[in-house]
Amino acid sequence: MAPFLIKFFPEVFRKATKAKTNMYCQFDSQVLTAFTSSLYIAGLASSLVASRLTAAVGRKNTMVIGGCTFLAGAAINGGAANIAMLLLGRILLGFGVGFTNQATPVYLSEVAPPKWRGAFSTGFQFFIGVGVVAANCINFGMAKHSWGWRFSLGLAVVPAAIMTIGALFISDTPSSLVERGKVEQARQSLTKVRGINSNVDAELADLLKFNEMAKDAKKEPFLTILERQYRPHLVMSIAIPFFQQLTGINIIAFYAPVIFQSVGFGSDSALIAAIVLGLVNLGSILVSTGMVDRHGRRFLFIIGGIQMFICQVAVTIVLAVTTGISGTKQISKGHGVLLLVLMCIYAAGFGWSWGPLSWLVPSEIFPMKIRSTGQSITVAVNFATTFVLSQTFLTMLCHFKFGTFLFYAGWIALMTVFIVLFLPETKGIPLDSMHEVWQRHWYWGRFVRGCGR
């Protein structure tokens, strides 16, 4: 939005309106980059704290804390008078996202019936996508108003309030309540989520047994996950979120208006393009929901990886041919449409592979004794990688130009090979039998052979 750039980033606005500015460099600004990436470094810090917080006060209360923090950040951003307020609000948003990203997937995993756990995990990513599309629609509607940026930033208080108030009316997970010694409340929670007529005694007994088994490990959880028998779990907790961000999807989704504006779309067209990409991503996540328990995780990872690789290479070629080496040529309307189509196919590939599966697979592979620790590492790596990429993307786009997308294509090729070689299929495997999958694996078997849960 022009009024937003004029108020906070006037140098960026001057470069964007300059007649012959290199289209790849017009948004290259360290202040603008600091604004966007501050959320991720705050999320990284909060995710490391959130692991112990969810164990101490429960999943429900952590979501409430995250919602309140997010609400405060949105209110400050909406009323921001200077860069300092803008950054403070953004950092509070990051803390809120960090807390909720730690607590919410664990909450869903623990209350969901086992046969629906995959669909629940995919739903988490789906509603993140809904939020992205809603935000882009609001930005489009407010783009022509001088106060529109305040409305767009401040309106984030609405989902924050809904999440916070909603969390107050749900019960905590049975696992969390057992973990904190509230056995009778755990029984009531189980009855509520499984149904009044359900017999929950057997499930409650299992929770009590697993809680006793996990107590020793929780004394030093970050040391436990370093043991040799948990080597594959540690590698996956780092590699999966790391690779997810190196698909380039968060950067492309977040900077979609910037990207399309940079290659010649008007500001309105750029926002429309971002909305289209978001809708394609949502549709593909629904496809993943229907396929993940039929065809398996590996199949979707591999097909999605190949699809994204081809599209990133194609985008590189289109930009190289149409914008030239200098990046000063204006892209034609026909090539702009082709670029949008390629990016939609790319977004679809991500939506049914690395998008939802990067949350689903970690929730499946960790034994109970290291599950909270593994989730904490997964979220922290996700934020750390996103921070580094968001901190460097605009500068990379300016210097590498169309080669930026080839950079991501190389990483997509590498992560697809990684999945083929090192990720076993976890479809339909009970959580308490997951160690058998690692024992049978050609490489990981040497680490976990002979080890139980």
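Here are a few notes on one helix pair, an aromatic pair and a threonine.

1. First, the ground rules: this is a predicted model, where local features need pLDDT of at least 70, side-chain atom pairs count only at pLDDT 80 or more, and totals for chains, interfaces and linings use all residues. Residues are numbered from 1 along each chain as its sequence is written, and side-chain values use heavy atoms, with hydrogens and water left out.

2. Take α17 (residues 297-323) and α21 (residues 403-422): their axes sit 9 Å apart at an angle of about 160°. Helices here are DSSP runs (H or I, at least four residues), and axes are lines fitted to C-alpha atoms over the stretch in contact, with angles from 0 to 180 degrees between N-to-C directions. That makes α17 and α21 roughly antiparallel (angles over 145 degrees).

3. Where α17 meets α21, the contacts (heavy atoms within 4.5 Å) include F301, F309 and L319 from α17, and L406, I412 and V420 from α21.

4. On to the rings: F242 and W411 pair edge-to-face, at 5.7 Å centre to centre and 85° between the planes (centres within 6.5 Å, planes over 60 degrees apart). Because F242 belongs to α13 (residues 231-245) and W411 to α21, this pair ties together parts 169 residues apart in sequence.

5. T385 is in α20 (residues 371-400) and is buried, at 9% relative accessible area.

Methods: Helix = DSSP H or I, 4+ residues; strand = E, 2+ residues; numbered from the N terminus. Buried < 20%, exposed > 50% of the residue type's maximum accessible area, 1.4 Å probe, protein only. Parallel < 35°, antiparallel > 145°, perpendicular 65-115°, else oblique. Phe/Tyr/Trp six-rings, centres within 6.5 Å; stacked < 30°, edge-to-face > 60°.
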